[in-house]
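Look at the sequence and the structure below.

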Amino acid sequence: MTRPNRTAARAIDMAGRETSDNYRAELFRVGQYRVIICREGLQWILQKQRFKKSVLGAAWRNLCYCTTKDALIRRQQAHNVPQHRLMDALPEQFSCEVQQ
């Protein structure tokens, strides 16, 4: 009988956390900053890396939550984050479909 790999199982579980280094809904990274889609699919989140990589990867700290591209750009500028080339591809307003 083989024992389950706890590190692998935890890494899979961590992928669902917004602050995890391997979060599934990451859009892009610029240095120690990244933009993700929140787990509820309601907005973009600008994050900064808290510390360097560990066994499970780096941890991320939320800096702001934005529903417009303009607000996201302003917050990136406030934190001196270089604008990623994919910013141009984002819609002006975050769009989500609410299921009833």
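Ile37 stands opposite Trp44 in S3. Strands (E, at least two residues) and helices (H or I, at least four) are DSSP runs, numbered from the N terminus. The model is predicted: local features need pLDDT of at least 70, side-chain atom pairs count only at pLDDT 80 or more, and totals for chains, interfaces and linings use all residues. Residues are numbered from 1 along each chain as its sequence is written, and side-chain values use heavy atoms, with hydrogens and water left out.

**The sheet**

- 4 strands form an open sheet in the order S1-S2-S3-S4, with antiparallel pairing. Two strands pair if DSSP finds at least two bridges between them.
- S1 and S4 are the edge strands, and each pairs on one side only.
- From one strand to the next, the twist averages 25°. Such angles run from 0 to 180 degrees between N-to-C directions, and the axes are lines fitted to C-alpha atoms, for helices over the stretch in contact.
- S2 and S3 run antiparallel and are joined by 5 bridges.
- The hairpin of S2 and S3 has 6 residues between the strands, and Gly41 there takes a positive phi near 70°.
- S3 and S4 pair in the antiparallel sense over 6 bridges. The bridge partner of Trp44 in S4 is Cys66. For Ile45, the partner in S4 is Tyr65.
- In a regular strand, side chains alternate between the two faces of the sheet.

**The helix and the core**

- H2 lies across S1, S2, S3 and S4, and runs at about 15° to S3.
- Why is S3 largely enclosed by the rest of the structure? Because 5 of the 6 residues of S3 are buried. Buried means under 20% relative accessible area, exposed means over 50%, and partly exposed lies in between (1.4 Å probe, protein chains only).
- The largest nonpolar core has 16 residues. Val35, Trp44, Leu46, Leu72 and Met87 have the most contacts inside this core. A nonpolar core is a set of buried Ala, Val, Leu, Ile, Met, Phe, Trp, Tyr and Cys residues joined through side-chain atoms within 4.5 Å.
- Leu46 is in contact with residues including Val35, Leu63, Cys64 and Leu72, leaving aside its neighbours within four places in sequence. Contact means heavy atoms within 4.5 Å.

**The aromatic pair**

- How many aromatic pairs are there? The count comes to 1.
- Trp44 and Phe94 form this edge-to-face pair, 5.2 Å centre to centre with 85° between the planes. Rings of Phe, Tyr and Trp (its six-membered ring) pair if their centres lie within 6.5 Å; planes under 30 degrees apart count as stacked, over 60 as edge-to-face and the rest as tilted.
- The pair links distant parts of the chain, 50 residues apart: Trp44 is in S3 (residues 44–49), and Phe94 is in the segment after H2 (69–78).
- Trp44 is buried at 2% relative accessibility. Phe94 is buried too, at 13%.

**The cysteines**

- A disulfide is a covalent bond between the sulfur atoms of two cysteines.
- The structure holds 0 disulfides. The cut-off is a pair of cysteine sulfur atoms within 2.5 Å.
- Cys64 is buried at 8% relative accessibility, and Cys66 is buried at 2%.

**After H2**

- Ala89 is in the segment after H2. At 63% relative accessibility, Ala89 is exposed.
- Ala89 and Lys69 are 20 residues apart in sequence and 9.9 Å apart in space, C-alpha to C-alpha.
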